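Please read them with the structure open.

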Amino acid sequence: QVQLVESGGGLVQAGGSLRLSCAASGIIFSINAMGWYRQAPGKQRELVARITSSGSTNYADSVKGRFTISRDNAKNTLYLQMNSLKPEDTAVYYCNSNYAYGGVHSEYWGQGTQVTVSS
């Protein structure tokens, strides 16, 4: 049974920081690409940051220079360090795992964690 469990969300003032974590179980964490997505009310879910199994990263333009994605394969955990938060960062943040190789594809989502940034 695959589980992706996010934690670390909350309410923070603009300019503040939060660190999200995603604890994974039931998958071979190290071979999965992992990502953070977010969905604000009335908007589509969007990619925030992604990290491949080899550690390559990419970010949405809106968070470049402020957010850092990282992974600890020994702990099966994904992180998102969010600094200089803005009210427009308010959303539910979701953890995603994605594996695709040799015709095999699997993708899983966490339940989400709320991040609210007050102005």
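Predicted model: local features only at pLDDT ≥ 70, side-chain atom pairs only at ≥ 80, totals over all residues.

1. Trp36 stands opposite Cys95 in S9.

2. The torsion about the S-S bond is about -75 degrees, so the disulfide is left-handed. Are the two cysteines buried or exposed? Both Cys22 and Cys95 are buried.

3. On its other pairing, S4 meets S5 in the antiparallel sense over five bridges. Gly35 stands opposite Arg50 in S5. The two strands form a hairpin with six residues between them, and Gly42 in the turn has a positive phi of about 80 degrees. S4 is mostly covered, with six of its seven residues buried.

4. Which residues touch the most other members of the largest nonpolar core? They are Trp36, Val48, Phe67, Leu78, Leu80, Met82 and Tyr93, in a core of 27 residues. At least two core residues come from each of S3, S4, S5 (46-51), S7 (67-72), S8 (77-82), S9 and S11 (113-118). S3 gives the largest share, four residues.

5. Val48 can be followed through its contacts. Leaving aside neighbours within four places in sequence, Val48 is in contact with Trp36, Tyr37, Arg38, Asn58, Tyr59, Ala60, Val63, Phe67, Leu80 and Tyr93. Among these partners, Trp36, Phe67, Leu80 and Tyr93 are named with Val48 as the core residues that touch the most other members.

6. Tyr37, one of the contacts of Val48, belongs to the one aromatic pair that a search of the whole structure finds. The ring centres of Tyr37 and Trp109 are 4.9 Å apart and the planes are at 65 degrees, so the pair is edge-to-face; the cut-off for that class is over 60 degrees. Tyr37 lies in S4 and Trp109 in S10 (residues 104-109), so the pair ties together parts that are 72 residues apart in sequence. Trp109 is partly exposed, with a relative accessible area of 36%.

7. At 3% relative accessibility, Asn32 counts as buried. A polar atom of its side chain lies 2.9 Å from the backbone oxygen of Ile28. Beyond neighbours within four places in sequence, Asn32 is in contact with Ile27, Thr52, Ser53, Arg71, Ser97, Asn98 and Tyr99.

8. Asn76, in the loop between S7 and S8, has a phi near 50 degrees, a positive value in a residue other than glycine. Ser84, in the loop between S8 and S9, has a positive phi of about 50 degrees and is likewise not a glycine. Asn76 is partly exposed, with a relative accessible area of 28%. Ser84 also counts as partly exposed, at 39% relative accessibility.

Key. Residues numbered from 1 in each chain as written. Heavy atoms only, no water. Disulfide = S-S within 2.5 Å. Buried < 20%, exposed > 50% of the residue type's maximum accessible area, 1.4 Å probe, protein only. Polar contact = N/O pair within 3.5 Å; in protein donor to acceptor, adjacent residues only side chain to side chain. Contact = heavy atoms within 4.5 Å. Core = buried A, V, L, I, M, F, W, Y, C linked by side-chain atoms within 4.5 Å. Pairing = 2+ DSSP bridges. Phe/Tyr/Trp six-rings, centres within 6.5 Å; stacked < 30°, edge-to-face > 60°.
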